[in-house]
Amino acid sequence: MLKQCRSLLSRSLQSAKWGDGFESRAAYSTSLQDFAATGNANGRVFAPYTIYKGKASLSISPVLPTFVKMDSDIGGLKVNRRGSMMLTFCPAIGERKYDWEQRQKFALSPTEVGSLISMGAHDASEFFHDPSMKSSNAGQVSKKLCIKALDGGNGYLISLTVTNNILKSNERFNIPVTTAEFAVLKTACSFALPHIMGWDRLTNQSPKGIKGSPSKVNSKQHFDLEWDR
């Protein structure tokens with residue numbers, strides 16, 4: 001199923017139309033919508049918001065948190081791994097084609113999502129991720145995401161820089177987004193924020209609390225992990 005999802009999204013990206021400057025195609029891509037028809041009750045729905053530009057595409061989608069059962073007489077669940085808003089960048093490889101295999105991802109934490117949501121028409125935000133920070137391997141691989149308003153207040157530039165000092169490589173993606181596209185990003189992040197924090201599970205639990213064994217969650221289902229291709 002995972003292979004089918006990747007193939008589906010890859011075909012979606014490759015068939016997208018694009019233009020120069022601010023001319024773009026913004027699309028909602030949903031796959032696995034037929035899981036009910038096929039009887040697969042465990043089917044997942046993927047609905048990223050994707051912006052296509054001349055040199056690259058940008059997709060954003062929520063990655064929900066995972067939970068584990070608490071070792072307590074009362075029972076209940078607690079967050080095992082926090083959720084995030086995943087940004088996926090794909091380079092263009094020709095007219096109307098994007099290279100899914102060369103994608104790079106950046107996972108916004110709830111606090112970083114808050115920074116994006118609070119941005120005004122003339123603001124800028126910068127986020128730096130290093131999986132080996134505070135260790136002897138710090139600086140080997142790092143990612144920097146910059147979001148800044150364009151002059152005149154007519155849009156934003158979203159840039160991702162991936163530095164790999166082991167492979168001696170430096171990748172950069174620049175995505176200009178219109179004010180309308182950025183408004184969609186902010187609204188989507190605002191809607192998803194309580195969900196990536198796990199608060200939807202908190203507010204939807206029964207008054208007596210959660211009892212019994214939680215459904216098993218396979219962390220490998222979250223294939224959109226920032227440091228995996």
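I began with β6 and β8, which pair in the antiparallel sense over five bridges; strands count as paired if DSSP finds at least two bridges between them. Helices (H or I, at least four residues) and strands (E, at least two) are DSSP runs, numbered from the N terminus. This is a predicted model, where local features need pLDDT of at least 70 and side-chain atom pairs count only at pLDDT 80 or more, while totals for chains, interfaces and linings use all residues. Residues are numbered from 1 along each chain as its sequence is written, and side-chain values use heavy atoms, with hydrogens and water left out.

**Thr88 and β8**

I picked out Thr88, in strand β6 (residues 84-94), which stands opposite Lys105 in β8. Is Thr88 buried or exposed? Thr88 is buried, because its relative accessible area is 7% (buried is under 20%, exposed over 50%, partly exposed in between, with a 1.4 Å probe and protein chains only). Not counting residues up to four places away in sequence, I found Thr88 touching Ser57, Leu58, Ser59, Trp100, Arg103, Gln104 and Lys105, where contact means heavy atoms within 4.5 Å.

Next I looked at β8 itself: five of its five residues are buried, so the strand is largely enclosed by the rest of the structure. In a regular strand, side chains alternate between the two faces of the sheet. Gln104, Phe106 and Leu108 are buried on one side of β8, and Lys105 and Ala107 on the other.

**Helix α2**

Which residues of α2 (residues 110-117) are buried? I noted Glu112, Val113 and Leu116. Seen down the helix axis, they fall within an arc of 105°, so they line one face of α2; the arc is taken from the directions from the axis to the C-beta atoms. Their cover includes β6, β8 (104-108), β9 (124-129), β10 (141-149) and α3 (179-196).

**The β11–β12 hairpin**

I then followed β11 (residues 156-164) and β12 (residues 169-177), antiparallel strands joined by nine bridges. Ser159 has Asn174 in β12 as its bridge partner. Four residues lie between the two strands of this hairpin, and Lys168 in the turn has a positive phi of about 55°.

Last, I checked Pro194, which sits in helix α3 and counts as partly exposed because its relative accessibility is 33%. Its C-alpha atom is 9.9 Å from that of Leu64, 130 residues apart along the chain. Leaving aside neighbours within four places in sequence, Pro194 contacts Trp199 and Asp200. I placed Trp199 in helix α4 (residues 199-204).
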